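The following questions and answers examine selected features of one protein model. Please consult the sequence and the structure shown below while reading.

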Amino acid sequence: MTAPTKPAHPAPAETPAAPASGPPGRDLHAPVIDWFDENARDLPWRRPEAGAWGVMVSEFMLQQTPVSRVLPVYEQWLARWPRPADLAKEAPGEAVRAWGRLGYPRRALRLHGAAVAITERHGGDVPADHAQLLALPGIGEYTAAAVASFAYGQRHPVLDTNVRRVLARAVTGVQYPPNATTAAERKLARALLPDDEPTAARWAAASMELGALVCTAKSEACHRCPIAAQCAWRLAGKPAHDGPPRRGQTYAGTDRQVRGRLLAVLREAPGPVPQAVLDRVWHEPVQRARALDGLVADGLVEPLANGLYRLPMT
């Protein structure tokens, strides 16, 4: 989208008013939450019946994966494993199999590991305490904050890519946030949190949805944005990104593609697969061997005797 030319003398109405108190950006809460109340998508993990486990499963699946791809896998997953203990009883390879083509399949192993820990340490219930969530295997700061916020209505800064982009534009005045989350972003997110827990949890969900639907990376829809009149980036004339190059999401011809093809064969096989069958999935032997070795090292594939391979059963 081409940035509009910045007027030489902006109209007074385009000048954002300073908030009465608190850090800049606190006046964003009400319009964003009101917009969310009217425009939020009806997603299964947002429904009360999803519970904390449904929220946790969705957060694992949605990392670097669009909602449209997650929905069918999520529904099948929860139908098969409605509680952490149901998943914990299964071999980790079954989690990898059910993950299908969502990509980044190590997430399936991590989710299985979290289910085992929840079953062993917390009686099968996803803990509400943020520190206990963070102590689960495979759970990082973002996921712990998201589950505590979205499942239990707590007050935590939830910084995914969408939220970071909204804050970068609306408050900081730049087109894109840094490639990796910075201490300054975390400080800003904490400063912007509403004081009461229910509003803070609502703000976390609303700002994330705004970034997903309106303030997107490639085609921001400022005409539909509830905070366009207050957005620092828009008021500055939408200056182009001048930081480090943004990381692309390449796939074709990469080791990721080869790994995906190898896993697809193993997922669809009823038993162990001979090396010769795996050799057919990719023409380049060095890259194919590197990809298979990587899957073994990551615990996603288990080598057996006589050149056989299978999904991990232990």
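Q: In which helix is Glu59 found, and is Glu59 buried or exposed?
A: The structure is a predicted model, in which local features need pLDDT of at least 70, side-chain atom pairs count only at pLDDT 80 or more, and totals for chains, interfaces and linings use all residues. Residues are numbered from 1 along each chain as its sequence is written, and side-chain values use heavy atoms, with hydrogens and water left out. Glu59 belongs to helix α2, where helices (H or I, at least four residues) and strands (E, at least two) are DSSP runs numbered from the N terminus. Its relative accessible area is 6%, so Glu59 is buried (buried means under 20% relative accessible area, exposed over 50%, partly exposed in between, with a 1.4 Å probe and protein chains only).

Q: How many Å apart in space are Glu59 and Tyr142, C-alpha to C-alpha?
A: Leaving aside neighbours within four places in sequence, Glu59 is in contact (heavy atoms within 4.5 Å) with Tyr142, Thr143, Ala146 and Phe150. Glu59 and Tyr142 are 83 residues apart in sequence, and their C-alpha to C-alpha separation in space is 9.2 Å.

Q: How many residues make up the second, separate core?
A: In the largest core, Trp77 is among the residues that touch the most other members. Not counting residues up to four places away in sequence, Trp77 touches Trp53, Val57, Met61, Leu87, Ala95, Ala98, Trp99 and Leu111. The second core is separate and includes Leu28, Phe36, Leu159 and Cys225; its residue count is 29.

Q: How many charged residues are in the contact of α3 with α5?
A: Two packed helices are described by the angle between their axes and the distance between the axes. For α3 and α5 the angle is about 145° and the axes are 10 Å apart, with axes being lines fitted to C-alpha atoms, for helices over the stretch in contact, and angles running from 0 to 180 degrees between N-to-C directions. Val73, Trp77 and Arg80 of α3 make the contact with Glu94, Ala95, Ala98 and Trp99 of α5. By class (Ala, Val, Leu, Ile, Met, Phe, Trp, Tyr, Cys and Pro nonpolar; Asp, Glu, Lys and Arg charged; the others, Gly among them, polar), these residues divide into 5 nonpolar, no polar and, as charged residues, 2.

Q: Which residues does Glu94 touch, not counting residues up to four places away in sequence?
A: Glu94 lies in helix α5, which spans residues 92-99. With a relative accessible area of 16%, Glu94 is buried. Under the stated sequence exclusion, the residues touched by Glu94 are Arg80 and Trp81.

Q: Are α9 and α10 roughly parallel or roughly perpendicular to each other?
A: Helix α9 (residues 161-172) and helix α10 (residues 183-192) have axes that come within 11 Å and cross at roughly 80°. Arg164, Leu167, Val171 and Thr172 in α9 meet Glu185, Leu188, Ala189 and Leu192 in α10, a contact of 5 nonpolar, 1 polar and 2 charged residues. Angles under 35 degrees count as roughly parallel, over 145 as roughly antiparallel, 65 to 115 as roughly perpendicular and the rest as oblique. The two helices α9 and α10 are therefore roughly perpendicular.

Q: Which strands stand at the edges of the sheet?
A: The open sheet has 3 strands in the order β1-β3-β2, with antiparallel pairing (two strands pair if DSSP finds at least two bridges between them). β1 pairs with strand β3 (residues 308-310) over 2 bridges, and Pro274 stands opposite Leu308 in β3. Each edge strand has a single partner, so one side of each is left without a neighbour in the sheet; these strands are β1 (273-274) and β2 (302-303).

Q: Is Asn306 buried or exposed?
A: Asn306 is found in the loop between β2 and β3. Its phi is near 65°, a positive value in a residue other than glycine. At 76% relative accessibility, Asn306 counts as exposed.

Key
Core = buried A, V, L, I, M, F, W, Y, C linked by side-chain atoms within 4.5 Å.
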